[in-house]
Structure formats: C-alpha cells, structure tokens
Amino acid sequence: MEWKAKWITNSNEIGDVCPVFRKDWAVSERVAKAELVITALGVYEAFLNGQRVSQDVLMPGWTAYDKRLQYQIYDITELLHSENRLEITVGKGWFSSPMPGWMDTADKARREKRPRGVLAEIRLSFENDREEVIATDASWLWGESRIRFSELYDGEFCDACFVTEKWEQAAVLDWSYEILIPQEGEPICEMECVSAKEIIRTPAGEVLIDFGQEVTGYVEISLAAKAGDMVSILHGEVLDKAGNFYNENYRSAKAALTYICRDGQQRWHPELTFFGFRYIKLEEYPVEPALDQFKAIVVYSRIRKTGTLKCSNPKVNQLFSNIFWGQKGNYLDVPTDCPQRDERLGWTGDAQVFVKAASYNYDVERFFRKWMRDMAADQRENGAIGQVIPDYLPEGGPSSAWGDAAVIIPWQIYLTYGNRKVLKDQFASMKKWVDYITSATTTPYLWTGGEHFGDWLGLDAPIGSYKGSSREDFIATAYYAYSTGILIKAGKVIGQDVSEYEKLYRNIVKAFRKAYPEYKTQTEHILAVHFRLAEDPQKTADDLAERILADGCQIRTGFVGTPYILHVLSEFGHNDLAYALFLREEYPSWLFSVRQGATTIWEHWDGIMENGDFWSPDMNSFNHYAYGAVADWVYEKAAGICLLEDAPGFSRVRIHPMPDKRLDWLEASIETRNGKIRSCWKYEDHGIRYEISVPVEAEIQIGQKVMIVKPGEYIFWD
Ligand code: BGC
C-alpha cells in the first residue's frame with residue numbers, strides 16, 4: 001500500500017503519560033464513503049467526534065513489531081459530521097511496556113525506550129467522485145491525555161478531570177513502512193460482559209467485588225461522584241485461606257487501576273490495558289458500592305465457538321467451562337500462558353500442547369495463521385524458535401516441546417480446517433526448526449545438549465525443581481522424531497521432496513530405541529507410545545497403566561505428558577483407567593481444582609492445596625490453559641469424533657465413542673469446515689443409546705461393530 005501518512009509522535013518527552021493525537025477538519029461536500037486506516041506504535045483508542053471508531057480494543061494487536069505491524073481499516077462514514085475531530089490516544093501496550101516483568105534484559109530495555117506513535121489516513125470519497133486523504137503529518141496536534149499512566153502489567157491511571165490545555169505540533173518520526181501489513185489476526189474485541197455477583201467484606205476488612213468467574217479484560221464502573229473523588233482498584237484471582245484478598249501470585253505486576261472522577265454520573269473502564277481477574281478490591285471508592293455499579297468486560301480475539309462438551313456430571317461440566325474460559329482468557333491476539341502476572345507471553349509450549357483442543361473449541365484458524373507468521377518472522381537465523389513468540393526473551397535458548405510448536409501447530413491447523421495454505425506458508429519455518437535440532441544436538445540423531453523445560457511442572461519433579469523427572473534428552477529426542485515425522489507428512493501434502501527427512505526420521509527412531517531401551521516415568525511411556533517410537537506400543541501402554549496404578553492411580557505428568565496420557569490409555573485397552581483419572585476428584589486431578597472452586601484451568605494441579613494453602617506465590621497462575629488439553633481426549637475418545645489425517649477438515653470422519661458408565665451420558669459436537677458433527681451416548685435401561693450426526697461420509701464404530709454411513713443422523717444401541 002502507498003502511504004501518504006507520516007509516522008508522528010509527541011514532540012517532547014512526557015514519561016508515562018499517554019499522548020493523544022488530534023486532527024480537526026471540515027467537510028463541505030457529500031461524502032460517499034470515509035475510512036480510517038490506522039496503526040500505532042503501542043496500543044491505540046481512536047474517537048471520531050467523541051465516538052469510538054470501532055468495537056476493537058488494544059489494536060493494532062501484538063506482532064513481531066520489528067518485522068510486522070498490522071494496520072486496521074475502519075469505515076467511519078456514519079460517524080462523520082461537517083466539522084470533525086479525530087482523537088487517538090496511544091498507550092505502551094505490548095510495544096513498550098516493560099515485559100517480561102520478572103527479569104531485566106537488554107532487549108526489554110530497548111523496547112521500553114521505543115517511542116509511541118501513530119500512522120493514520122482518513123480517506124474520503126465524495127459523491128462527486130473527488131477523493132481526499134487527510135494523513136498524519138506535522139500539522140496534527142498532540143497533547144497529554146487524561147490517561148496519566150498505562151502499562152500492561154501495572155495497569156492504568158485515568159484522571160477524568162484532566163483537560164488537555166497545551167496542544168503542540170506533532171513531531172514526524174522516522175519509522176519503518178516496510179513492516180506494515182493489513183490486519184491478519186482476529187481483531188481483539190469486547191466479547192462478553194459478566195455482571196458482579198457479590199460484594200464481599202473480608203475478615204481483613206477489605207471490600208471486594210466477586211464476578212464469580214475468572215475473566216480477562218477490565219472492569220467497567222458506573223457511579224455518581226464529585227470531581228476529584230478517587231477510585232482505586234486491585235485485581236485478584238482467588239481469595240486466601242482466610243477469605244481475604246490475594247494477588248501475590250501476580251508477582252511484580254501491580255494490576256492496579258486508579259480513576260479520578262469528574263462531577264456527576266459517569267461510566268469508566270480502562271482503555272489501553274487488561275487484567276486477568278475474578279475479584280477486584282476497592283482500595284478507595286467514593287460511594288457505597290452496589291453490584292450494579294460493576295461489570296467485567298471480557299476481552300479476547302474474535303474467535304467463534306465451534307465446540308460443545310456436556311455430560312451428566314456437574315463437576316465435569318464445570319471443568320469443560322473452565323477449559324473454554326481458559327482459552328478465551330488467553331487468546332488475546334497471541335496465545336499466552338496466563339493473563340494476570342508479570343508474564344502474559346506467547347509461550348510456545350503451552351500453545352502447542354493445547355492447540356488441538358483449542359481448534360475444536362473455537363475457530364482459531366485465522367488466529368493461529370497470524371501467530372505462526374510471527375513465529376516464522378522471529379525464528380532465529382540458525383532456525384531456533386524462541387521460548388515465546390513474539391520473541392521477548394531473545395536471550396533464552398530454544399527448548400524441545402516448546403520450539404516444536406513451529407511444526408505441530410501448522411500441522412494441527414491444517415488437519416482441523418483442511419487448508420493446505422498454512423503448510424505452504426509455514427513449511428520453510430517448519431523445516432528450519434528440524435534442521436536447527438540437527439545442527440544443535442551434541443549426538444547425531446538424538447537431541448542431546450541444550451536447555452530444556454523438560455516435563456514442565458511434572459508431579460514427579462525432584463524437590464525444588466519445576467521440571468518433572470523425565471529425562472530431558474529423552475523428551476527432546478522424542479519431539480525431534482515427532483516433528484520430523486510431521487514435517488514429512490506436511491511436505492508430502494504440499495508436494496515437497498522429503499526423502500532426506502525420511503532417512504533422518506528412520507535414523508532418529510533407531511537411535512532413540514537404542515539410547516532409551518527403558519522408560520522411567522509416566523511421561524516417557526506416554527511419549528514413546530503416542531509418538532509411535534516404542535517398539536512394542538501395546539506393552540508400553542500396558543506398562544504405563546501398571547505404573548499409574550502403582551503410583552496410586554495418579555497422574556505424575558507435567559505439560560508434556562499430560563495432554564496425551566488419556567489418549568494412550570484409551571487407545572491401548574485401558575479406557576477404564578483413562579476415565580478413572582479423568583473423573584478422579586482427589587489431588588492430583590482435573591476435578592480437584594473444580595472441587596477447590598476453579599473457574600478456569602490452573603497452572604498447578606494443586607494451585608490451592610487441600611488445606612487451602614497456595615502452592616507458591618511464585619509460579620501459581622489460576623488461568624493457565626495447558627492442562628485443558630484434556631478436552632481433545634473428550635472430543636476424540638470419550639465422544640469418539642476422530643479427525644483423520646487423510647481427511648483434513650473432517651471431509652470424512654470416524655466416530656468411535658468410548659463410553660464409561662461412571663457417566664450417565666456425554667455429548668460433544670464440533671462445527672467443522674464440512675458441517676456439524678455431533679456424538680452423544682447415554683446409558684439407558686436396555687443398553688447404551690448413541691446419537692450421531694455427521695455431515696459427511698463416516699465410519700462409525702459402536703463397540704466392535706464398524707459401519708460406513710452416508711451423511712445423516714443415526715441412532716444406535718449397544
Ligand atoms: C510459563 C509457562 C511456560 C514456562 C516455560 C512459565 O513461566 O508461565 O507456562 O511454558 O514458563 O517453562
């Protein structure tokens with residue numbers, strides 16, 4: 001695109017205050033169409049004649065800004081008057097907030113120094129065919145806005161009494177045009193509203209508002225106040241054992257809001273930041289709080305819900321709800337680990353383990369296409385993939401199972417939605433990742449050496465470690481094989497010569513089998529079977545089952561083993577054990593957190609322990625979706641909706657429900673690119689009743705019986 005606009009910025013330093021840029025203009029002719037093309041260095045909120053130009057928020061979103069910056073185009077025809085004023089306020093957002101919060105790096109210091117700026121064009125088409133462009137340049141004015149502070153971790157401070165008195169000419173900024181790309185991802189929007197459920201007065205004398213649900217977004221307050229009255233709010237996810245406010249687990253993120261009221265009835269919410277929270281604490285509040293003064297506005301990428309999961313057990317239904325909320329709370333332009341503490345980064349491992357469930361729950365094709373391009377853009381010269389994307393930890397080395405996101409995610413997005421383009425676009429990056437491992441390992445055909453996260457948060461971790469006991473080289477090599485295998489399949493789909501990688505794959509498998517004749521942990525067994533590396537997968541799965549029983553019928557896995565454990569059990573004749581783990585309510589289990597009151601998925605199986613103590617303040621997010629990956633087992637095994645590799649996008653489907661009588665019934669559906677698939681089973685007096693509807697030809701297996709059916713709705717009994 002040809003840009004007339006110049007990048008502009010504030011002409012002098014104003015510290016943390018957010019600048020507002022302004023343009024006044026008049027139109028005398030009849031306008032056929034008016035558009036605002038806009039982007040910013042930071043996050044912006046644009047108002048035309050006092051009205052927001054769109055429902056999108058926190059735009060232009062988060063990309064690998066040094067290489068890619070999205071611009072948006074909004075139709076503003078309806079907002080135009082004869083005299084017009086456009087005002088654009090810019091906050092630091094992801095562009096220059098001090099991220100990550102828990103350590104100082106040279107790259108963070110570099111990003112913090114970046115200026116805030118705007119690039120915008122108002123494109124007017126008149127009915128008489130004349131066209132005019134009003135573009136940002138030195139004629140635009142800027143001033144200090146009423147947003148006196150705004151950062152991602154620390155929150156926002158808005159002084160509604162502040163009046164911008166000094167307007168100065170904007171400075172033209174030398175910044176790249178090459179990085180500009182049209183909006184690629186799903187825009188970030190205000191998607192839902194959650195009303196306040198309860199006003200709590202805690203034993204410590206605090207006043208809290210409970211929204212009853214952990215969300216990501218911000219609170220909106222409506223109150224009548226006097227000019228200068230102050231509102232001051234902190235955010236928290238859970239209460240402590242005594243029922244008091246708690247947010248030590250946000251670590252250095254202050255997650256604070258301050259608002260100085262103006263006179264009269266008013267409504268306010270922060271504009272350029274967000275929080276992860278269920279509770280807010282009113283540190284200062286000028287009037288008697290009432291529930292209807294508070295709303296939680298839920299903000300996430302505009303992804304469409306495509307999956308449903310329901311069953312007869314209310315606790316399991318709460319788990320399903322937690323999984324969906326966990327996804328919404330962390331799919332804010334980038335798949336993040338968590339939305340609350342001084343982190344909120346695009347951790348590749350978390351995204352990778354959850355992508356399959358994510359792609360059934362919601363339509364995330366566009367969301368991931370964009371993020372994958374950022375991944376490719378931020379891929380290091382040697383092919384390494386950073387721990388987070390956008391790569392805000394460039395000093396950190398790549399880890400197995402994290403960097404493998406480069407291969408696993410495009411493959412899953414291709415399988416779920418059937419669009420080969422994602423493979424074409426990502427293939428070079430996928431290949432570079434596999435080649436990176438080949439070049440980085442200290443032992444050919446294994447992945448030895450390097451720094452890895454291992455089976456992160458595995459329950460078999462030695463005291464004092466976050467990493468489970470599975471051998472790092474074992475996991476790394478297993479993923480090396482897995483990614484190489486996917487690369488081969490992907491290459492074949494798009495007609496690439498992959499013979500070299502086929503040879504590599506055979507060698508990795510051979511080397512793996514030789515190096516690891518025994519499996520020492522649950523996760524090692526799981527990977528060996530799930531990645532089809534074990535010579536005897538049935539025996540390995542049987543050994544796994546035995547081991548789980550010996551471990552007290554408990555899961556000992558972390559981020560790496562957990563997503564696959566139930567799949568392996570169900571596939572290899574241990575479906576009853578899979579259900580036993582799935583339905584277990586004591587620690588450690590998925591339902592333990594439900595019993596402890598979770599409304600999203602926790603980072604730790606024991607984020608809040610049986611006795612009410614917290615796991616630790618240091619690494620204890622209550623909205624970390626990774627373990628929610630269990631949803632894909634529910635779709636694929638419990639309900640039996642199987643995505644076939646030779647029928648991407650569910651162009652054909654296999655349905656093989658695996659019921660268990662500890663549930664009376666279960667139902668799952670997915671709205672696929674080829675129509676809606678639904679599978680439901682129910683225990684009745686004279687057997688199990690199955691209701692299955694398929695929009696495509698399907699192979700249906702009920703018990704031992706297999707049949708091929710045409711699109712339609714079916715009822716079977718077993
Ligand atoms: C994040 C994780 C992430 C991990 C890497 C944590 O701080 O929150 O979810 O994957 O670091 O080990």
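Let me start with D350, where an N or O atom of the side chain lies 2.5 Å from an oxygen atom of the ligand, which is a polar contact in the sense of a pair of N or O atoms within 3.5 Å. On its own the ligand has 310 Å² of accessible area, and the protein covers 97% of that, where areas come from the Shrake-Rupley method with a 1.4 Å probe.

Before I go on, please keep in mind that this is a predicted model, in which local features need pLDDT of at least 70 and side-chain atom pairs count only at pLDDT 80 or more, while totals for chains, interfaces and linings use all residues. Residues are numbered from 1 along each chain as its sequence is written, and side-chain values use heavy atoms, with hydrogens and water left out.

Which residues surround the ligand? Among them are D337, R341, E343, W347, D350 and W402, and also F453, W456 and H624, where a residue counts if one of its heavy atoms lies within 4 Å. By class, this shell has six nonpolar, one polar and five charged residues; Ala, Val, Leu, Ile, Met, Phe, Trp, Tyr, Cys and Pro count as nonpolar, Asp, Glu, Lys and Arg as charged, and the others, Gly among them, as polar.

Now to a pair of helices, which are DSSP runs of H or I with at least four residues, just as strands are runs of E with at least two. The axes of α12 (residues 562–571) and α15 (residues 630–638), lines fitted to C-alpha atoms over the stretch in contact with angles from 0 to 180 degrees between N-to-C directions, come within 7 Å and cross at roughly 25 degrees. That makes α12 roughly parallel to α15, a label for angles under 35 degrees. On the α12 side, L566 and H567 are among the residues that meet α15, whose own partners include W633 and K637, with contact meaning heavy atoms within 4.5 Å.

Finally, the peptide bond from M99 to P100 is cis, with omega near -5 degrees, and P100 sits in the loop between α1 (93–96) and α2 (106–112).

Conventions:
Polar contact = N/O pair within 3.5 Å; in protein donor to acceptor, adjacent residues only side chain to side chain. Parallel < 35°, antiparallel > 145°, perpendicular 65-115°, else oblique.
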